[in-house]
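Please keep the sequence and the model open while reading.

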Amino acid sequence: MNRIYNFNAGPAILPLDVLQEVQAELLDFRGSGMSILEISHRSKEFQAVLDDTKADIAELLHLPADYGICFMAGGGTLQFSCVPWNFLLPGTVGAYAVTGSFSDKALAEAEKVGETAVVYSSKESGYDRVPRPDEIRLPERCAYLHITGNNTIEGTEYSVYPETGSVPLIADMSSDILSRPFPVEKFSLIYAGVQKNIGPAGAVLVIAKKDFLEGRSDKIPVMMNYETIMKKDSTYNTPPVFAIYIVGKVVRWLKEHGGLVEREKVNRAKAELVYDALDAHPEFYRGKAARDSRSLMNVTFNLPTKELEAAFVEAAKKYNMGGLKGHRSVGGIRASIYNAMPVEGCQTLADFMEDFWKKNR
Ligand SMILES: *Cc1c(COP(=O)(O)O)cnc(C)c1O
């Protein structure tokens with residue numbers, strides 16, 4: 001067996017321990033005589049998986065009691081529509097901080113539903129940064145402020161979140177959820193496609209203040225209605241059982257490895273290795289993100305030419321590293337170093353970067 005250091009942006013690397021556990025119990029799940037792939041979503045076995053997964057997430061986040069957790073389908077992208085369908089009422093304005101192509105897509109879906117305002121955009125400078133709190137002014141009649149916690153394609157991330165007072169703050173945390181502790185009580189709703197940091201494709205984790213979801217329009221399509229999905233404990237219809245089961249294993253793994261405080265330490269150490277390699281030769285490795293907006297999850301940079309970038313990706317394969325090509329919309333190099341990427345993966349990349357610079361400067 002040869003497993004590479006997988007730097008793909010999503011679906012992405014999962015802990016090897018988790019994959020091995022899944023393999024070991026694939027044919028007979030907890031003595032049920034069935035695979036998890038075959039059991040009913042209404043079985044007591046699956047209900048236990050769901051309960052444990054939610055409890056572990058709540059524990060990791062120190063989630064206040066007035067918040068709920070549910071899983072939905074449709075990816076991060078369906079959430080772009082769910083947010084305005086649930087919360088953007090006539091006469092109110094949905095505010096968007098546009099810091100990358102995913103926030104731009106979220107805005108586009110809201111524009112189909114109601115009135116919006118772009119309260120910040122770094123588009124002009126190539127989405128190289130996120131706003132400081134004092135750069136955001138909210139409009140009158142503001143329904144919510146929507147932010148993208150980590151910009152997966154561009155490689156930027158909030159370290160300080162905007163202050164919104166009584167206006168609900170909503171965040172897309174698809175690529176940074178559970179990567180470090182954060183003040184969850186600042187948010188009315190958080191959503192995260194799980195396939196970046198905490199699972200495989202197929203499920204979206206939603207964490208929300210329960211009273212924020214209640215009493216919304218009865219015209220909301222049922223699969224997009226947060227209140228319904230939350231009240232039915234993610235099983236209004238058949239949820240993505242297998243994806244939730246794997247999220248359950250990943251969050252258990254996070255707990256067993258010191259929780260989010262320890263995860264932040266490890267993730268910072270990993271990011272530092274790669275950014276230090278970048279900063280050692282700034283004329284050769286050109287970081288895309290402004291320093292104060294650098295992501296701990298996705299490190300993005302260019303080399304002097306497209307040919308060198310292609311050669312970099314090819315040469316990295318010989319050192320057992322894959323997935324380093326930047327997103328097709330922006331090119332360049334992107335190293336995604338999510339929770340499950342071990343320190344050795346980042347050390348290998350950093351050593352390789354020094355070596356590649358020596359040979360190609
Ligand atoms: C990947 C990603 C999305 C889109 O997720 P899908 O599950 O492919 O719809 C949205 N937002 C962010 C921040 C992402 O990284």
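Alanine 277 is a place to begin, and it belongs to helix α8, which spans residues 259-279. The model is a predicted one. With a relative accessible area of 10%, alanine 277 is buried, because buried means under 20%.

Along the chain, leucine 213 and glycine 68 are 145 residues apart, while their C-alpha atoms are separated by 10.0 Å.

The ligand comes next. It sits in the largest pocket. Which residues come nearest to the ligand? Of the 13 residues around the ligand, these are Thr77, Thr152, Asp172, Gln195 and Lys196. Sorted by class, the shell consists of nine polar, two nonpolar and two charged residues. Helix α3, residues 75-87, contributes four residues to this shell, the most of any element.

Threonine 152 places a polar side-chain atom 2.4 Å from an oxygen atom of the ligand. Glutamine 195 also uses its side chain, with a polar atom 2.8 Å from a ligand oxygen. How much of the ligand's area does the protein bury? Taken alone, the ligand exposes 380 Å², and the protein buries 85% of that.

The remaining stops concern the backbone. Most residues other than glycine have a negative phi, and most peptide bonds are trans. The peptide bond from glycine 10 to proline 11 is cis, and its omega is near -10°. Proline 11 is part of the loop that runs between β1 (5-6) and α1 (16-24).

Arginine 30 is not a glycine, yet its phi is positive, at about 45°. The loop between α1 and α2 (44-61) holds this residue. Is arginine 30 buried or exposed? It counts as exposed because its relative accessibility is 51%, and the cut-off for exposed is over 50%.

The loop between α1 and α2 also contains serine 32. The side chain of serine 32 reaches two backbone oxygens: that of phenylalanine 29 at 2.8 Å, and that of methionine 34 at 3.1 Å.

Tyrosine 127 also has a positive phi without being a glycine, with a value near 55°. It is found in the loop between β4 (115-121) and β5 (142-148). Tyrosine 127 has a relative accessibility of 10% and therefore counts as buried, whereas arginine 30 counts as exposed.

Notes: Residues numbered from 1 in each chain as written. Predicted model: local features only at pLDDT ≥ 70, side-chain atom pairs only at ≥ 80, totals over all residues. Heavy atoms only, no water. Near = heavy atom within 4 Å. Polar contact = N/O pair within 3.5 Å; in protein donor to acceptor, adjacent residues only side chain to side chain. Areas by Shrake-Rupley, 256 points an atom, 1.4 Å probe, with all protein chains shown as cover. 1 Å grid on protein atoms, 1.4 Å probe; cavity = no way out; pocket = protein on both sides within 12 Å on 5 of 7 lines; lining within 4 Å. Sits in = over half its atoms within 2 Å of the grid points. Helix = DSSP H or I, 4+ residues; strand = E, 2+ residues; numbered from the N terminus. Nonpolar A, V, L, I, M, F, W, Y, C, P; charged D, E, K, R; others polar. Buried < 20%, exposed > 50% of the residue type's maximum accessible area, 1.4 Å probe, protein only.
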